Amino acid sequence: MPVKCCNLTDKVAIVTGASRGIGEAIAKQLSSCGAKIILIARNSDQLVAVKETIISNGGIAESMAGDVSNLNSISEIVTNTIDKWGQIDILVNNAGIARDNIIMRMKEDDWDSVMNINLKGCFNGIKSVARPMIKNKAGRIINITSVIGQIGNAGQSNYAASKAGIMGLTKSMAKELGSRNITVNAVAPGYITTDMTNELNDEVKEQLKSSIPLGRLGTPDDVANLVCFLASDEAGYITGQTFNVDGGMVMI
Ligand code: NAP
């Protein structure tokens with residue numbers, strides 16, 4: 001079980017893309033800090049397994065299958081969460097995909113699905129929680145972007161554009177919702193060991209490590225540590241920012 005770092009007792013948190021990788025680590029850490037967790041992903045099997053692990057460690061969690069690219073799907077989950085637990089304190093927009101290719105070979109569908117899940121998925125999540133958070137006069141929204149949205153990458157035009165879009169969305173939402181005591185921040189991971197990066201061969205991983213001052217790829221818990229802090233009361237005067245968790249790979 002991850003180490004408890006912040007007090008989130010009785011907070012209600014929604015984590016998208018919570019069935020594996022970074023989202024799973026975020027869900028488990030938020031739970032270990034005392035939050036009740038709604039886990040979202042499209043496929044139920046792994047999601048239920050994460051829920052059962054959280055519950056077996058003494059946490060409170062519910063899994064709800066849904067697709068972040070579909071506004072109705074997410075707003076229904078938000079409504080069900082409020083019916084069940086009365087409020088939403090934290091939203092972590094983590095669900096994301098990559099469909100890499102050079103522009104000459106990238107299919108229109110590869111562009112659309114990455115934009116719809118990565119960027120529109122964040123819009124759908126924020127749109128769905130904004131009203132209940134405004135009513136509650138408090139909220140924490142954390143969007144998972146990527147260093148690729150800052151520096152670009154050959155073969156990842158769709159992914160880079162979606163992640164750069166998340167940073168613009170984060171700043172606009174922070175300005176729009178700040179007066180309602182809702183903070184909106186983004187976390188930009190570098191290369192983290194998950195299914196998304198497992199496809200890289202060992203040679204590429206070694207090359208990457210040599211470009212990272214801390215000399216290693218990150219872990220999902222490296223990202224989750226920061227997300228937990230940004231979700232806490234102690235982060236109440238921080239909004240509109242993007243924080244890198246990348247071993248020093250990108251220094252702006
Ligand atoms: P991952 O292991 O591939 O997990 C992705 C998660 O998102 C899964 O739970 C997946 O479940 C869910 N998901 C995908 N499409 C969805 C949809 N339409 N609706 C709901 N859930 C959906 O990815 P990861 O590496 O943990 O990445 C998590 C986030 O961090 C992503 O936004 C990614 O871009 C970002 N990131 C990752 C890295 C890295 O190095 N790993 C670096 C920078 C940024 P289902 O397939 O069942 O829906």
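Leaving out neighbours within four places in sequence, Asn 158 makes contact with Arg 99, Met 106, Asp 110, Trp 111, Val 114 and Met 115. The model described here is predicted. Asn 158 belongs to helix H6, which covers residues 157–177. Its relative accessibility is 0%, under the 20% cut-off, so Asn 158 counts as buried.

A second residue, Ile 212, sits in the loop that joins helix H8 (202–210) to helix H9 (220–231). Is Ile 212 buried or exposed? Ile 212 has a relative accessible area of 4% and is therefore buried. Apart from neighbours within four places in sequence, Ile 212 is in contact with Leu 217, Asp 246, Gly 247 and Met 249. One of these, Gly 247, is 35 residues away from Ile 212 along the chain, yet their C-alpha atoms are separated by 5.9 Å.

The two residues are set side by side below.

| Residue | Location | Relative accessibility |
|---|---|---|
| Asn 158 | helix H6 (residues 157–177) | 0% |
| Ile 212 | loop between helix H8 (202–210) and helix H9 (220–231) | 4% |

In soluble globular proteins, nonpolar side chains tend to be buried together. The largest nonpolar core here has 33 residues, and Ile 26, Leu 30, Ile 37 and Leu 39 touch the most other members. At least two residues of this core come from each of strand E1 (12–16), helix H1 (21–32), strand E2 (36–41), helix H2 (44–56), strand E4 (90–93), strand E5 (139–144) and H9. Which element gives the most to this core? H9 does, with six residues. Ile 26 touches Val 15, Val 92, Asn 94, Ile 144, Ala 224 and Val 227, when residues up to four places away in sequence are not counted. Another core, of 28 residues, lies apart from the largest one; Ile 14, Ile 117, Val 129 and Met 133 are among its members.

Turning to the whole protein, the secondary structure consists of nine helices and seven strands. The radius of gyration is 17 Å, close to the 18 Å that the globule rule gives for 252 residues, so the protein is as compact as a globular protein of that length. The C-alpha trace spans about 50 × 35 × 35 Å along its principal axes. Of the 252 residues, 50% count as buried. Among contacts with a separation of 6 or more, 73% are between residues 24 or more positions apart. The protein exposes about 11900 Å², and carbon and sulfur atoms supply 49% of this area. There are 24 positive and 25 negative charges, and their mean positions are 7 Å apart.

How values were computed
Residues numbered from 1 in each chain as written. Predicted model: local features only at pLDDT ≥ 70, side-chain atom pairs only at ≥ 80, totals over all residues. Heavy atoms only, no water. Rg over C-alpha atoms; globule rule 2.2 N^0.38 Å. Buried < 20%, exposed > 50% of the residue type's maximum accessible area, 1.4 Å probe, protein only. Contact = heavy atoms within 4.5 Å. Areas by Shrake-Rupley, 256 points an atom, 1.4 Å probe, with all protein chains shown as cover. Lys, Arg positive; Asp, Glu negative; His and termini not counted. Charge placed at Lys NZ, Arg CZ, Asp CG, Glu CD. Core = buried A, V, L, I, M, F, W, Y, C linked by side-chain atoms within 4.5 Å.
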